[in-house]
Amino acid sequence: MIRSQKEKMLAGEPYSAADPEIQADLLATGAWLKRYNDTLGQTAEQGHALLSERLGEVGPGAVIRPPFYCDYGFNIRLGAHVFLNFNCVILDVVEVMIGQGTAIGPAVQIYTADHPHDPEQRQSGLQFGRPVRIGSRVWIGGGAIILPGVTIGDDAVVGAGSVVTRDVPAGATVVGSPARVQGVQSR
């Protein structure tokens, strides 16, 4: 059986983003984002209902303050009481999971999209994704960037402006570019 480009994308395998099915999904998400980003000033319930239309999972009390940007939306899973502040970007070619009670500051960027690192392979136009998993009760400061394939453990803190290039242990505080562990909370 031949797999579609979208099936390859969702599996984290090399795929062509120029595929018509993938382009149709991007257009549909763009139309939804226009509607969602016009909700500033509406009730939390109205925003939650709109998020539930497009995102893969939206826990009770989850809030994303517009403007918000993503590729597809359906690969994003938010636990209960997750909060994303203004101007966040999630490139969700594969799954992005954010655990309950996590708070994300303004202008945070979460990337699952990646490209071949070899220049000749990159010229093929193929890309792939690596999932991002963010635990429960995590705090991510404004302007932080989370790179593809990163897992952030429960109760971790990511300092504002940090670039997270590798996994963050549970309870750790990381800062800098690249982010480095500054300490770990004892439980």
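A residue counts as buried under 20% relative accessible area, as exposed over 50%, and as partly exposed in between. In this predicted model, Val181 has a relative accessible area of 47%, so Val181 is partly exposed.

Val181 lies in strand S20, which spans residues 180–184. Leaving out residues up to four places away in sequence, Val181 touches Pro169, Ala172, Thr173 and Val174. Glu13 is 168 residues away from Val181 along the chain, and their C-alpha atoms are 31 Å apart.

The largest nonpolar core contains 37 residues. Phe68, Leu84, Ile98, Ile110, Ile140 and Ile152 have the most contacts inside this core. Elements that each supply at least two of its residues include strands S4, S5, S7 and S8, along with helices H2 and H3. H2 gives the largest share, 3 residues. A second, separate core has 8 residues, among them Met9, Tyr72, Val93 and Val94.

Apart from neighbours within four places in sequence, Ile140 is in contact with Ala103, Ile104, Gly105, Val108, Ile134, Ile146, Ile152 and Val158.

Two packed helices are described by the angle between their axes and the distance between the axes. For H2 and H3, the axes come within 11 Å and cross at roughly 180 degrees. Angles over 145 degrees count as roughly antiparallel, so H2 is roughly antiparallel to H3. The residues that make the contact are listed below.

| Helix | Residues in the contact |
|---|---|
| H2 | Asp25, Ala28, Thr29, Trp32, Arg35, Tyr36 |
| H3 | Gly47, Leu50, Leu51, Glu53, Arg54 |

By class, this contact of H2 with H3 has 5 nonpolar, 2 polar and 4 charged residues.

Technical notes. Residues are numbered from 1 along each chain as its sequence is written. This is a predicted model: local features need pLDDT of at least 70, side-chain atom pairs count only at pLDDT 80 or more; totals for chains, interfaces and linings use all residues. Side-chain values use heavy atoms; hydrogens and water are left out. A nonpolar core is a set of buried Ala, Val, Leu, Ile, Met, Phe, Trp, Tyr and Cys residues joined through side-chain atoms within 4.5 Å. Buried means under 20% relative accessible area, exposed over 50%, partly exposed in between (1.4 Å probe, protein chains only). Helices (H or I, at least four residues) and strands (E, at least two) are DSSP runs, numbered from the N terminus. Contact means heavy atoms within 4.5 Å. Axes are lines fitted to C-alpha atoms, for helices over the stretch in contact, and angles run from 0 to 180 degrees between N-to-C directions. Angles under 35 degrees count as roughly parallel, over 145 as roughly antiparallel, 65 to 115 as roughly perpendicular and the rest as oblique. Ala, Val, Leu, Ile, Met, Phe, Trp, Tyr, Cys and Pro count as nonpolar, Asp, Glu, Lys and Arg as charged, and the others, Gly among them, as polar.
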